[in-house]
Amino acid sequence: MATKTSLIEGDVPTVLRQFAVPMGFGLICMILVNVIDTYWVSKLGTEELAAMSLSFPVIGFVTNISFGLMIGATTALSRTIGSGDQEAVKKMTTHAMILGFVVVAMVTALGLGLQRSVFGLLGATEEIMPLVIEYMNVWFVGSVLLIVPLIGNGALRASGDSKTPMFMMIAVAIVNAALDPLLIFGGFGIEGMGIKGAAYATLAARFVGMCIIFGTLLFRDKLIDLALPKLQEMKASWNSILSVGIPAIISNVMGPLATALL
C-alpha cells in the first residue's frame, strides 16, 4: 500500500515536495509515451511520422481537457475530504468518474465525426489523411483509458496518495515501450500493424493504468460507490468539479490550440 501524506500536518515545503516530485516524475513518463511512439513510427517512413505529428495538437487538446477535469476533481474532493464525511467523499469520487465517462462519450463522438475536417484544416494531404485516420480511430475509441484514470489520479492525490498515480504512469510508459516495436513491426507470431500498432500499444498500456487506478479506488481505498447514483447529488458534485475544472480546461487548451494554429 502506498503511503499517504497528510495535507493538514507538517510544514508546507515538505508536503509540496512530497506531492510535486512524484507528479513531476509521472508527467515525464506520460511525455515519454509520445516520444517512444514517435521514435518507432519514424522508422516506418516520413509519411507515417508526418501523420503522427499532425495528431499531436488534437491529442494535446484532449489531454489538457483531462488535466482540467483532474484539477477540478482534486479540488472538489479535497474540500469534501476536509469536511470529514467519508460517505460524501465516496459519492464525490464516484460522480467524478462518471463525469469522466460522459466526457469520453462526447470526445469520442466529436473526434470520430469531425476528424477529417479537423486534420484537413491542419494540413493533412490525401496521402497522409488515411494514416492519420487509421491512428486516431483507435486513439479516440481508447480515450476512456486516458481521461477516466487521470480523474482517478486526482481522487488519489486529494486523499493524500501521490505515489500510486506515479507508479501507474511509470507502468504505462514501460508497457507502451515494450509493445510498440512488437505491434508496429510484428514478431512472435504477431503481424505488424504499422502506425495503428502504435495506437494499440498505447491503448493496451493505458488499460493497465486504468486497472491500477480502479483497483486502488475500489478495493484498497473503497472510494467507488457501486450503488445507482441519485441525479440531484451527482449534479451537485459535477457543479463543484466543473466550477474549477472548466476554467482549468480553458487555460490548459490554449497551448494545443496555439500549436494547431502554427
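## Basis of the values

The model is predicted, so local features need pLDDT of at least 70 and side-chain atom pairs count only at pLDDT 80 or more, while totals for chains, interfaces and linings use all residues. Residues are numbered from 1 along each chain as its sequence is written, and side-chain values use heavy atoms, with hydrogens and water left out.

## Helix H2

Helices are DSSP runs of H or I with at least four residues, numbered from the N terminus. Helix H2 covers residues 46-83, and its 38 residues should span 56 Å at 1.5 Å a residue, which agrees with the 55 Å between its end C-alpha atoms; the expected span is 1.5 Å times one less than the number of residues.

At Phe 56 the helix H2 bends by about 35°, with a proline, Pro 57, following within four residues; the bend is the angle between axes fitted to the seven residues ending at a residue and the seven starting there. After H2 comes Gly 84, whose phi is positive, near 85°.

## Pockets

On a 1 Å grid over the protein atoms alone, a pocket is an open set of points with protein on both sides within 12 Å along at least five of seven lines, whereas a cavity is a set where a 1.4 Å probe fits but cannot get out; lining residues have an atom within 4 Å of a point. Grid points are joined across faces, edges and corners, and a volume is the space filled by probe spheres set on the points.

The largest pocket holds about 550 Å³, and of its 25 lining residues Phe 61, Val 62, Ile 65, Val 107 and Leu 110 are the closest to its centre. Helix H3 (86-121) gives the most to this lining, with 11 residues, and the lining of the largest pocket divides into 23 nonpolar, two polar and no charged residues. Here Ala, Val, Leu, Ile, Met, Phe, Trp, Tyr, Cys and Pro count as nonpolar, Asp, Glu, Lys and Arg as charged, and the others, Gly among them, as polar. The second largest pocket has about 250 Å³ of space; H2 gives the most to its lining, with six residues, and the lining residues include Phe 56 and Arg 206.

## Cavities

There are three cavities of 30 Å³ or more. The largest cavity has a volume of about 130 Å³, and helix H5 (144-158) is among the elements that give two or more residues to its lining, with the largest share of four residues coming from H5. By class, the lining of the largest cavity has 10 nonpolar, one polar and one charged residues, and Arg 206 is one of its lining residues.

The second largest cavity, of about 60 Å³, also has Arg 206 in its lining, together with residues including Trp 139.

## Aromatic pairs

A pair of aromatic rings is described by the distance of the centres and the angle of the planes. Rings of Phe, Tyr and Trp (its six-membered ring) pair if their centres lie within 6.5 Å, with planes under 30 degrees apart counted as stacked, over 60 as edge-to-face and the rest as tilted.

The structure holds three aromatic pairs. The rings of Trp 40 and Phe 185 have centres 6.0 Å apart and planes at 70°, so this pair is edge-to-face; Trp 40 lies in helix H1 and Phe 185 in helix H6, so the pair ties together parts 145 residues apart in sequence. The pair of Trp 139 and Phe 140 is also edge-to-face, because the ring centres are 5.8 Å apart and the planes stand at 80°.
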